[in-house]
Amino acid sequence: MTEQAETTTKPETTTKPETTTKPETRQGIGVSPGTAYGPVVQVAPPVRPPAHEPAVDDEEAALADVKAAFESVAVSLEQRATRVEDTAQQILKATALIARDKGLVKAASKELAAGHGRANSIANAVETYAAQFEALGGYFAERVADLRDVGSRAVAAVLGVAAPGVPAFSEPSVIVAEDLAPAETATLDRSLVVGIITEAGGRTSHTAILAAQMGIPAVVQLPHATQIPAGTPIALDGDSGEVTIAPDMSLVTAQRERAARRKEALAHLSGPGRTSDGAEIALLANIGGVDDAVAAGAQDLEGVGLFRTEFVYLSATRAPTVEEQAEIYRGVFAPFEGRRVVVRTLDAGADKPLKFADLGPEENPALGRRGLRLSAERPDLLDAQLEALAVAARETGADVRVMAPMVATAEEAAWFARRVRENGLPKAGVMIEVPGAALRARDVLGEVDFGSLGTNDLAQYTMAADRMQGALSDLLDPWQPAVLDVVGVACEGAAKVDRPIGVCGESAGDPLLALVLVGLGVTSLSMAPSKVPVVRLALSQHSVAECQALATAARGSRTAVDALHAVRDGARSELTDLL
Ligand code: PEP
Ligand code: MG
């Protein structure tokens with residue numbers, strides 16, 4: 001839960017509410033917990049090329065200008081990368097690689113030859129590329145935002161005007177945008193940005209994941225967010241998704257009081273996750289690299305439940321060697337001496353392709369050769385990773401466990417477990433994120449030591465809704481009773497073969513949903529570290545039997561909204577009063 005926003009926000013020094021603006025409440029989707037209040041800073045929209053730009057007379061000189069524009073974008077992204085950490089750095093470097101793509105310059109040179117001006121040539125080249133990315137779907141479609149961001153910056157550079165994006169501002173503010181490129185989110189100044197609101201985006205989009213990781217309260221899918229005038233005071237609740245424009249001070253005060261009560265309730269609680277009747281539910285962190293590990297290691301949590309190793313290599317152009325990998329893994333394990341670290345082997349492909357593990361274009365990458373399927377085609381990559389993990393595990397005192405992404409069958413689980421054990425790693429597990437694996441969890445988990453439910457993908461595949469599509473967020477809602485049914489069946493399967501099963505999707509960090517998940521039978525919850533305290537509190541206030549009753553109420557509901565309401569009504573008011 002983020003209280004910092006409250007304490008760093010100084011509304012009295014911010015732009016005053018326009019007297020004509022009436023308070024108005026709108027509903028979005030809360031994706032990063034905490035409340036915030038401050039003036040709106042609208043992210044500058046993309047710079048468009050002029051409608052009547054004259055054709056160039058010296059094509060060669062124009063091409064040199066275009067190249068220089070792309071290069072200056074790449075350099076500025078790389079410079080920003082040096083000022084940020086880990087996941088943010090990888091994202092910025094990956095975006096800089098787009099700006100250096102030779103194909104983009106080539107496409108722009110064709111546009112120049114066709115008689116377009118410099119700015120229009122850049123814009124047209126980017127749109128040609130964007131159409132190709134969109135057609136490829138999955139990860140590529142998601143990178144369209146980054147690609148257009150690069151294009152818009154290059155257009156600004158060639159026109160000699162200010163770059164698009166977050167303008168300079170000096171007081172604690174709420175950033176509002178159509179959507180934020182991951183590069184933009186990752187590099188926001190945490191001390192000045194008290195909240196984030198986007199008109200687009202989804203529950204499991206990169207913006208949501210990064211905001212939670214950075215501990216900035218955030219709401220996505222807020223209708224007409226970009227039309228809110230800059231400077232308008234705005235209050236947001238990253239738990240409920242409620243946003244109030246020009247709020248009465250009474251609302252802001254109530255929100256602040258609630259945040260203070262929450263802070264007080266959270267302050268008195270520490271240590272391992274436990275229900276009120278003492279059942280142990282491990283509270284774990286989701287991390288993406290060494291800096292995340294160092295930060296999470298210093299927090300009151302029981303270890304790492306998901307280390308997304310592919311995040312480390314998003315911008316790598318060649319496969320890392322065993323020693324290069326071992327170096328990273330040592331850095332991740334070191335802060336967790338005596339605690340568990342669950343490492344997921346490369347989840348490459350679909351929304352997270354790695355240059356060195358590319359099997360070529362696919363019609364439906366999310367349903368294609370991604371995750372463990374890719375490892376099966378490139379066992380050399382898996383073996384190198386397992387070897388490096390084994391080396392680092394031996395040299396550090398962490399309780400290292402390794403799991404595979406995108407497992408669908410018992411044979412795949414057995415194949416993976418054998419390789420893990422052959423490499424001298426003691427514990428093998430699998431992600432349960434494919435409905436087929438969830439339905440047959442007994443067989444799949446029978447082959448390994450533990451399971452971890454990836455509810456982001458499990459929702460995507462159960463509801464047949466692309467998780468990158470903000471417009472489908474209602475279907476992707478983990479409160480969907482069908483998703484809860486699939487989770488419930490997986491937990492029953494795990495119990496039959498006596499294997500522990502946890503959750504490492506975004507749903508684990510929702511305090512009400514966490515109660516439902518525990519009621520369904522999960523024994524660990526892994527989430528952005530900022531979400532751990534409130535989940536610890538929720539567990540401490542409810543017994544296992546109460547969690548089971550909440551799970552029954554949720555699964556007995558007809559719709560996702562009904563399920564949420566049933567649990568909100570059934571949970572203890574000591575918790576719901578704080579949310
Ligand atoms: C998931 O699918 O829920 C998960 C945790 O993995 P990722 O979000 O990295 O796909
Ligand atoms: Mg997944």
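The expected span of a helix is 1.5 Å times one less than its number of residues. Helix α4 (residues 102–113) has twelve residues, and the 17 Å from its first C-alpha to its last is close to the 16 Å expected at 1.5 Å a residue. Helices (H or I, at least four residues) and strands (E, at least two) are DSSP runs, numbered from the N terminus. This is a predicted model, in which local features need pLDDT of at least 70 and side-chain atom pairs count only at pLDDT 80 or more, while totals for chains, interfaces and linings use all residues. Residues are numbered from 1 along each chain as its sequence is written, chains are lettered from A and ligands numbered from 1 in the order in which they are written, and side-chain values use heavy atoms, with hydrogens and water left out.

**Confidence**

- The chain has a mean pLDDT (the predictor's confidence in each residue, from 0 to 100) of 89, and 94% of its residues reach 70 or more.
- Over residues 1–20 pLDDT stays under 50, and the model has 52 contacts (heavy atoms within 4.5 Å) for them beyond four places in sequence.
- Where pLDDT is low, the predicted coordinates should not be read in detail.

**Helix α4**

- The buried residues of α4 are L104, V105, A107, A108, E111 and L112; buried means under 20% relative accessible area, exposed over 50%, and partly exposed in between (1.4 Å probe, protein chains only).
- These residues lie on the same side of α4, because they cover an arc of only 160 degrees around the axis; the arc is that of the directions from the helix axis to the C-beta atoms.
- The buried residues of α4 pack against α2 (59–82), α3 (86–99), α5 (118–136) and α7 (144–159).
- On the face turned away from the buried side, α4 carries the exposed residues K102, K106, K110 and A113.
- D101 caps the N-terminal end of α4, with a side-chain oxygen 2.8 Å from the backbone nitrogen of G103.
- Just after α4, G115 takes a positive phi of about 100 degrees.

- V220, in strand β6 (residues 218–220), is buried, with a relative accessible area of 2%.
- Among the residues that V220 touches, not counting those up to four places away in sequence, are G28, I29 and T198.
- The C-alpha atoms of V220 and Q27 are separated by 9.5 Å, although these residues are 193 residues apart along the chain.
- R401, in strand β12 (residues 399–404), is buried at a relative accessible area of 17%.
- The side chains of R401 and D399 are joined by a polar contact of 2.6 Å; such a contact is a pair of N or O atoms within 3.5 Å, and within protein one must be able to donate a hydrogen and the other to accept it, while residues adjacent in sequence count only if both atoms are side-chain atoms.

- Most residues other than glycine have a negative phi.
- Q221, in the loop between β6 and β7 (233–237), has a positive phi of about 60 degrees although it is not a glycine.
- A464, in the loop between α18 and α19 (473–476), has a positive phi near 50 degrees.
- Q221 is partly exposed at a relative accessible area of 23%, whereas A464 is exposed at 70%.
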